[in-house]
Amino acid sequence: MAPSITTMSLPSKTLTPHITCLAVHHKLLYAESLNLINVFDLSHYTQIDTFNESPASGFVKSIAFSGSRVFTAHQDCKICAWLITPSTRHRLLSSLPTFKDKLSRCIIPRNYVTVRHHRKGLWIQHCDTVSGLAVNERLMYSVSWDKSFKIWDLTGYRCLESVKAHEDAINVVVISDDGDVYTASADGCIKVWKRDDKAKRNVLVRTVGKHKPTVNALALDGDGTTLFFGGSDGMICRWESKCGEENDVVLVETLRGHGGAILCLVNVAGLLVNGSADRTVRIWQKERGSGGYCCCRVVLGGHEKPIKSLVAVSGGGGDDSDLNGVVTIFSGSLDGDIKVWEVFGLV
């Protein structure tokens, strides 16, 4: 049976020139464009707040959540922490690294490292755009175009560790259910890191291939045994861990069909959803009996420019969130439009 699809657009074009990042937290949709973060209530798809109105921070690149706090990654090399108030407004709590953290470390020479053009800076500071955030309980991981990732204690907002992880800009970070950290870079590598609690540092446990195209997007199944990534060549690769071999993975499938770079990926309810520079969203589903995702079930069109961000939830986005068999997809594009797709009949 063919899936049934309904679509609508949120009123975003009058607010922002283009959408660079989307995120869902409870019943709220966060849409970032340039420096602005617009918040929509998914119960009735209306805008209820706008924050980070100062243009000094540059583009907002990523967003993550921890309880009632929102963390945003910025082009000016900083991370901001915001509190969701009882009235669903957003109040700035702090920027990271904090002034206290910088002050306590600036007097010790060994806390300075060479950053670029032979300049020195504190190791707790990113020296280029912060491109991604991921939260794992009381820790937050930030990745940057400065080729490093940093670990933050969310209790006191202190930077605990900085790791020079790649040879080029890091574009994305995701964390598996068991706490493994995956970083993907313009150097074509995906690296897997594990926290060594005894040594209190992260160690590299696996490198997944060396690929010619830039890796732009990552998605995992829950336990991290299956890894999907998309790059500038327009293909999606699926890698799986070998049975009984913890540190080895194999390429099992390549998904083709897009005419442009893969820019975003999400895995929800057994479906793989991706957005592309070719202005379409594709939904891939496992073939019965094969275990592969080689069946593209739906191609969603309508955007006028590349699709930069996707979020997807199982169930309706608003009051119908208890519906079974419904996947709601939000797509944000450089055309300034946010589209809401409700897909029935796939799960």
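E253 is buried in this predicted model, with a relative accessible area of 11%. The cut-off for buried is under 20%, so E253 falls below the limit. The side chain of E253 meets that of R238 in a salt bridge, with 2.8 Å from N to O. This pair links distant parts of the chain: R238 sits in strand β22 (residues 236-241) and E253 in strand β23 (residues 249-255), 15 residues apart. R238 is also buried, because its relative accessible area is 7%.

Eight salt bridges are found in the structure. Another of them joins the side chains of R158 and D101, at 3.4 Å from N to O. Here too the partners come from distant parts of the chain, 57 residues apart. R158 belongs to strand β15 (residues 158-164), while D101 belongs to helix α1 (residues 99-105). Are these two residues buried or exposed? D101 has 1% relative accessibility and therefore counts as buried. R158 has 38%, so it counts as partly exposed.

A further salt bridge connects the side chains of D337 and K339, at 3.1 Å from N to O. Both D337 and K339 are buried. Some salt bridges share partners, and in this way D101, R105 and R158 are joined into one network.

The next topic is empty space. Rolling a probe the size of a water molecule over the atoms shows where such space is left. The largest pocket holds about 1400 Å³ of space. Its lining is made of 43 residues, and those nearest the centre are L133, V172, V173, V174 and L265. Which strands supply at least two residues each to this lining? They are β2 (21-25), β6 (60-66), β12 (130-136), β16 (170-175), β20 (215-220), β24 (262-268) and β28 (307-314). By class, the lining of the largest pocket has 29 nonpolar, ten polar and four charged residues.

The second largest pocket has a volume of about 300 Å³. It is lined by 17 residues, with T114, V115, C127, D146 and S148 nearest its centre. Two or more lining residues come from each of β10 (112-114), β14 (148-153) and β15. The largest share, three residues, is given by β15, the strand that also contains R158 of the salt bridge with D101. The lining of the second largest pocket divides into seven nonpolar, four polar and six charged residues.

Key:
Residues numbered from 1 in each chain as written. Predicted model: local features only at pLDDT ≥ 70, side-chain atom pairs only at ≥ 80, totals over all residues. Heavy atoms only, no water. Salt bridge = Lys/Arg side-chain N within 4 Å of Asp/Glu carboxyl O. Helix = DSSP H or I, 4+ residues; strand = E, 2+ residues; numbered from the N terminus. Buried < 20%, exposed > 50% of the residue type's maximum accessible area, 1.4 Å probe, protein only. 1 Å grid on protein atoms, 1.4 Å probe; cavity = no way out; pocket = protein on both sides within 12 Å on 5 of 7 lines; lining within 4 Å. Points joined across faces, edges and corners; volume = space filled by probe spheres on them. Nonpolar A, V, L, I, M, F, W, Y, C, P; charged D, E, K, R; others polar.
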